[in-house]
Amino acid sequence: MRLYVETLISADIDRIWQATQALDLHQRWDLRFGRITALGSGRLRYSTLGISGTAIATGDRHAADGTRTSALRFGSTHPLSPIRSGAGYWRYLPTPAGTRFLTSYGYRPRLLPRRLMWWATAWSFDRLRLWLETGVTPERLLRRALGEVAVRAAAVIAAGCALPLWAALTVLVAALLWPPLPGTPAARRCLHHHHRHRHHHRHRPERQEPPCPRSSSARSAPASTASTLSSSAASASGSTQERPASAPA
């Protein structure tokens, strides 16, 4: 099962790189991870609600045109982990309007519905975008989103108690479909896609980047990681560097 998410951030590529590669910053905006800690030698541990997994950085690529790529493999043997294993990459592409920040990764699910997975990824990407563009912290953006959900829920409950059924249903549909406020993170603002099988690749969004080539500095994945990223893209110019640790995709 593969997933693709992309957003355009009006920020310098160095700022986005720092916010996504520094583990203490990454865990602040990414809804999928509660805590990320470095284990050394390119390995790290991530956890959410007490369910943990391990990951290993498979290298960075800095191309001559300014494009950057960061690849990772990850997995968990915890029986309650929503994902068994997976591999993917982040790509950073500078443009006149800002930086295109995108991810593509494949994973073996255990409990997590695929729609929930791409929603959490896309919502987190928009949260990152708002943080870097407006300066509003990820913690405040989360509170803002929860507050908006509470207001919509209260409106639906009030309509159900005071209005006829058809009117209450209208309010419910409006609460579900009305776009979030501009300052509230929303997954729908990101380009995203998911599919189950390889032959679905022809339906990918037109702007999607090809899979990331395996870095020449890649190392073997931890024993708990059962799958690797399938790569088949044209090679890009630039240098490949290995770093001590990386954030999960």
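Tutor: A polar contact is a pair of N or O atoms within 3.5 Å; within protein, one atom must be able to donate a hydrogen and the other to accept it, and residues adjacent in sequence count only if both atoms are side-chain atoms. The model is predicted: local features need pLDDT of at least 70 and side-chain atom pairs pLDDT 80 or more, while totals for chains, interfaces and linings use all residues. Residues are numbered from 1 along each chain as its sequence is written, and side-chain values use heavy atoms, with hydrogens and water left out.

Student: In what order do the elements of the chain run from the N terminus on?

Tutor: Helices (H or I, at least four residues) and strands (E, at least two) are DSSP runs, numbered from the N terminus. The chain has five helices and nine strands. From the N terminus on, the order is β-α-α-β-β-β-β-β-β-α-α-α-β-β.

Student: What share of the 249 residues in the chain is buried?

Tutor: Buried means under 20% relative accessible area, exposed means over 50%, and partly exposed lies in between (1.4 Å probe, protein chains only). The accessible surface of the chain comes to about 12300 Å², and 60% of that surface belongs to carbon and sulfur atoms. Of the 249 residues, the buried share is 49%.

Student: Which residue caps the N-terminal end of α1?

Tutor: Helix α1 covers residues 13–21, and its buried residues include Ile13, Ile16 and Trp17. At its N-terminal end, a side-chain oxygen lies 2.8 Å from the backbone nitrogen of aspartate 14. That oxygen belongs to the capping residue, aspartate 12.

Student: With which side chain does the side chain of glutamine 21 make a polar contact?

Tutor: Glutamine 21 is found in helix α1. With a relative accessible area of 10%, glutamine 21 is buried. Its C-alpha atom is separated by 10.0 Å from that of tryptophan 90, 69 residues apart along the chain. The polar contact, at 3.4 Å, is with the side chain of serine 70.

Student: How far apart in space are isoleucine 9 and tryptophan 131, C-alpha to C-alpha?

Tutor: Isoleucine 9 lies in strand β1 (residues 2–9), and its relative accessibility of 0% makes it buried. Contact means heavy atoms within 4.5 Å, and leaving out residues up to four places away in sequence, isoleucine 9 touches Ile16, Gly98, Thr99, Phe101, Leu128, Arg129, Leu132 and Glu133. Isoleucine 9 and tryptophan 131 are 122 residues apart in sequence, and their C-alpha distance is 9.9 Å.

Student: How far apart in sequence are leucine 93 and isoleucine 13?

Tutor: Leucine 93 lies in strand β6 (residues 83–95). Its relative accessible area of 11% makes leucine 93 buried. In space, leucine 93 and isoleucine 13 are 7.8 Å apart, C-alpha to C-alpha, and the separation in sequence is 80 residues.

Student: What is the relative accessible area of aspartate 126?

Tutor: Aspartate 126 lies in helix α3 (residues 114–134). Not counting residues up to four places away in sequence, aspartate 126 touches Thr184, Pro185, Ala186, Arg189 and Cys190. Aspartate 126 is buried, and its relative accessible area is 0%.

Student: Is leucine 49 buried or exposed?

Tutor: Leucine 49 is found in the loop between β3 and β4 (51–62). Its phi is near 55°, a positive value in a residue other than glycine. At 84% relative accessibility, leucine 49 counts as exposed.

Student: Which loop holds serine 41?

Tutor: Serine 41 has a positive phi of about 55° although it is not a glycine. Its relative accessibility is 57%, so serine 41 counts as exposed. Serine 41 is found in the loop between β2 (35–40) and β3 (43–48).

Student: At what angle do helix α4 and helix α5 pack?

Tutor: Axes are lines fitted to C-alpha atoms, for helices over the stretch in contact, and angles run from 0 to 180 degrees between N-to-C directions. For helix α4 (residues 138–162) and helix α5 (residues 165–177), the axes are 8 Å apart and the angle is about 170°.

Student: How is α4 oriented relative to α5?

Tutor: Angles under 35 degrees count as roughly parallel, over 145 as roughly antiparallel, 65 to 115 as roughly perpendicular and the rest as oblique. The angle here is about 170°. That makes the orientation of α4 to α5 roughly antiparallel.

Technical notes: Accessible areas come from the Shrake-Rupley method with a 1.4 Å probe; for residues, only the protein chains shown count as cover.
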